[in-house]
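Please keep the sequence and the model in view while reading.

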Amino acid sequence: MIYLIGIIISAFLSVLLLTKKDKSPADRILFMWLCVTSLHLTVFAFKSLGRHSQIPYLLGFEILMPLLHGPFLYLYIAAFSAKPIKAKYALLHVIPFLLSIWFISPFLLLNIHEKMQVYQNDGKPFQRHRDIIFFASLLSGTLYCSLSLHLLYKHGKNIKNNFSYTEKIDLRWLFNLTVGLLCIWVIAAFAEDQYTFAAIVVYVLFIGYFGIKQVGIFTDQKPTAQTLANPVSPAPVEYVTGNAKYEKSSLSQKTVDQIHRDLEHLMQTERLYRMPGLSLPQLAKQLDVHPNSLSQVINRKEKRNFFDYVNSLRVAEFKNRLASGDIKTYTLLSLAHDCGFNSKTSFNRNFKSITGLSPSEYLEEFLKKQV
């Protein structure tokens, strides 16, 4: 039975999280979400087999639990942001679920025989309660998926304002997770329950597959690079404090020009852009300025964010190295790595974005000019 697969996988992933050391808030949220999912699938599996009487105290909760999936997704993604939601505010997101328990309490307080009669009569006389909760669940699901996508959009902007790379920190898998849940709500709105729960099983497999691929989600393994949204223990960017100059958010034109000159000098002499993991706070520390001030300078003087600024320098370095004949000694990829790109995908994407040509196309044009 397909539902059994989902139950086993979600229970297995829950155990992995439960036994994980140094659990982060995101880990705890995912653990609770997987437990709810496992219970949800279990109740539906018993119902589909006609064994309602074996789970008398759980009957009715299967129409309430969909109100939890959207909030869990949203809180899980929020745990990776620079400002995760505090526990006392997170509890506000379960209020619709608690209100729904009160709303159908007349059914929940029935004895098993009375509950069985309701199920045999297609929900009568609680059809109105069931329909209201169903539409509330659809509304909740789509709303929380929209909020989750907005969080991920803000996260993407935050990354490009603070990092010179996006690999392993862009939360792409969480974007796919959100879109997947949105698809389940669409299926739930137009298809029978068995198709909805089959989609949930696939969704659980998706969480397991991509979650395990992400370093640290279901294991104790720690990623080697510091990130804005660490998959193991999400944390905000560490800003420079203390003796850093120019901590005010509003900078005079004279100050902006001075910081920009210092930045250009540092980049020309130290070529820090060759560091694959270069971040805004690291660069700000070298300049002895506040990261917010440096970000403001780059935006005003370079007309771009930190990510595009650093990668434009890397591309310029690559083109200069190519012109100096380094291509005779290095391969394209090794030369790209030496210029600061940490992967072939990142190199190709950024190079084409800046020059309009792929690296191989640019090399071909370059060699033609040398003939």
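## Overall make-up

The secondary structure of this protein consists of 17 helices and 0 strands, as seen in a model that is predicted. Of its 371 residues, 45% count as buried, and among the contacts between residues at least 6 apart in sequence, 70% join residues at least 24 apart.

## The largest pocket

The largest pocket holds about 1,000 Å³ of space. Its lining is made up of 39 residues, of which K47, E62, I63, R130 and D193 are the closest to the centre of the pocket.

Which elements give two or more residues to the lining of the largest pocket? They are α2 (25-48), α3 (66-78), α7 (112-120), α8 (127-162), α9 (172-190) and α10 (193-213). Sorted by class, the residues of this lining comprise 23 nonpolar, 10 polar and 6 charged ones.

## The α11 and α12 pair

Helix α11, which spans residues 253-270, and helix α12, which spans residues 280-287, have axes that come within 10 Å and cross at roughly 100°. Since angles of 65 to 115 degrees count as roughly perpendicular, α11 and α12 are therefore roughly perpendicular to each other.

On the α11 side the contact is made by D262, L263, L266 and M267, while α12 contributes L283, Q286 and L287. By class, this contact of α11 with α12 has 5 nonpolar residues, together with 1 polar and 1 charged residue.

## Two buried residues

S346 is located in helix α16, which covers residues 344-355. Is S346 buried or exposed? The relative accessible area of S346 is 3%, and because buried means under 20% relative accessible area, S346 counts as buried. When residues up to four places away in sequence are not counted, S346 touches E167 and F341.

I169, by contrast in setting, lies in the loop between α8 and α9, the two helices that are also among those giving two or more residues to the lining of the largest pocket. With a relative accessible area of 0%, I169 is buried. I169 and H155 are separated by 14 residues in sequence, and their C-alpha atoms are 9.3 Å apart in space.

Note on methods. Residues numbered from 1 in each chain as written. Predicted model: local features only at pLDDT ≥ 70, side-chain atom pairs only at ≥ 80, totals over all residues. Heavy atoms only, no water. Axes fitted to C-alpha atoms, helices over the stretch in contact; angles between N-to-C directions. Helix = DSSP H or I, 4+ residues; strand = E, 2+ residues; numbered from the N terminus. Parallel < 35°, antiparallel > 145°, perpendicular 65-115°, else oblique. Contact = heavy atoms within 4.5 Å. Nonpolar A, V, L, I, M, F, W, Y, C, P; charged D, E, K, R; others polar. 1 Å grid on protein atoms, 1.4 Å probe; cavity = no way out; pocket = protein on both sides within 12 Å on 5 of 7 lines; lining within 4 Å. Points joined across faces, edges and corners; volume = space filled by probe spheres on them. Buried < 20%, exposed > 50% of the residue type's maximum accessible area, 1.4 Å probe, protein only.
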